[in-house]
Amino acid sequence: MSEHFAKVLWVAADHVEKPGTYSRDLEIEFSDQVKVAASAASDYLGSAEKADPEQLLVSALASCHMLYFLAICEGQGYVVSRYSDNAKGIVSKREEGGFWVSEIILSPKVEFSSEKQPDPKALERLHHRAHKGCFIANSIKTAVKVEIA
């Protein structure tokens, strides 16, 4: 169907704030025009001003859900004028050791500009269909909750 690429580049350097260890900063290149400065989460000696892998996972899921939602709305005659989501990922310790992103909570807020407006049940159905169709949601074992505002 389709292939998607990301070039990840890390170059050895000393950690700026913690002598004796390495920098966690890296660059992710999606194309010549799109590059993202990334790092580990600040809890893991990363740079807080850069995107971390956990944030990138949460944003991938949230944006995939949104794009699927917009497509469904268009097909059903709803015109979305604004969509925002304050998504949150939760890292937890696994029983067998190690950590994982155990839950992602989506909190979409949608404004419609069409005469046709979904009632709360229809809005819930639209989000349910978007979740079921989202490629990222279908690719992870993390629990995903959609809390409609």
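Me: To start, what is the bridge partner of S92 in β6?

Reply: This is a predicted model, and in it S92 is bridged to W100 of β6. Another pair between these strands is K93, which stands opposite F99 in β6.

Me: And how many bridges join β5 to β6, and in which sense do the two run?

Reply: Six bridges connect β5 with β6, the latter covering residues 99-106, and the two strands run antiparallel. β5 and β6 form a hairpin with five residues between them, and in that turn G97 has a positive phi of about 100 degrees.

Me: What is the strand order in the sheet that holds β5 and β6?

Reply: The order is β5-β6-β8, in an open sheet of three strands with mixed pairing. The edge strands are β5 (88-93) and β8 (143-146), each of which pairs on one side only.

Me: Is β6 mostly covered or mostly open?

Reply: Mostly covered, since six of the eight residues of β6 are buried. As for what lies over the strands, helix α1 (residues 53-75) lies across β5, β6 and β8, and runs at about 35 degrees to β6.

Me: Buried, partly exposed or exposed, what would you call L57?

Reply: L57 has a relative accessible area of 26%, so it counts as partly exposed, given that buried means under 20% and exposed means over 50%.

Me: How far apart are L57 and H131, in sequence and in space?

Reply: They are 74 residues apart in sequence, and their C-alpha atoms are 15 Å apart in space. H131 belongs to α2 and is among the residues of that helix that meet α1.

Me: So how do α1 and α2 cross, by distance and angle?

Reply: The axes of α1 and helix α2 (residues 120-133) come within 8 Å and cross at roughly 125 degrees. The two helices are therefore oblique to each other, because an angle from 65 to 115 degrees would count as roughly perpendicular and one over 145 as roughly antiparallel. The crossing of α1 and α2 is right-handed.

Me: Which residues meet there?

Reply: From α1 the residues are H65, Y68, F69, I72 and C73, and they meet L123, L126, H127, R129, A130, H131 and G133 in α2. By class, the residues of this contact divide into seven nonpolar, four polar and one charged.

Me: Changing topic to the sheet with β1: what is its strand order and pairing?

Reply: It is an open sheet of three strands in the order β1-β2-β3, with antiparallel pairing. β1 (7-9) and β3 (35-38) are the edge strands, and each pairs on one side only. Neighbouring strands in this sheet are turned by 20 degrees against each other on average, direction ignored.

Me: How many bridges are there on either side of β2?

Reply: Three bridges join β1 to β2, while β2 and β3 pair over four bridges. The latter two strands also form a hairpin with five residues between them.

Me: Which residues does E27 face or pair with?

Reply: L9 stands opposite E27 in β2, and in β3 the bridge partner of E27 is A37. For the neighbouring position, V8 has I28 as its bridge partner in β2.

Me: Last one: is E29 buried or exposed?

Reply: E29, which lies in strand β2 (residues 26-29), counts as buried because its relative accessibility is 19%, and the cut-off for buried is under 20%. Not counting residues up to four places away in sequence, E29 touches A6, K7, V34 and K35.

Definitions and conventions:
Residues numbered from 1 in each chain as written. Predicted model: local features only at pLDDT ≥ 70, side-chain atom pairs only at ≥ 80, totals over all residues. Heavy atoms only, no water. Pairing = 2+ DSSP bridges. Contact = heavy atoms within 4.5 Å. Axes fitted to C-alpha atoms, helices over the stretch in contact; angles between N-to-C directions. Parallel < 35°, antiparallel > 145°, perpendicular 65-115°, else oblique. Left-handed = near helix turned anticlockwise from the far one by under 90°. Nonpolar A, V, L, I, M, F, W, Y, C, P; charged D, E, K, R; others polar. Buried < 20%, exposed > 50% of the residue type's maximum accessible area, 1.4 Å probe, protein only.
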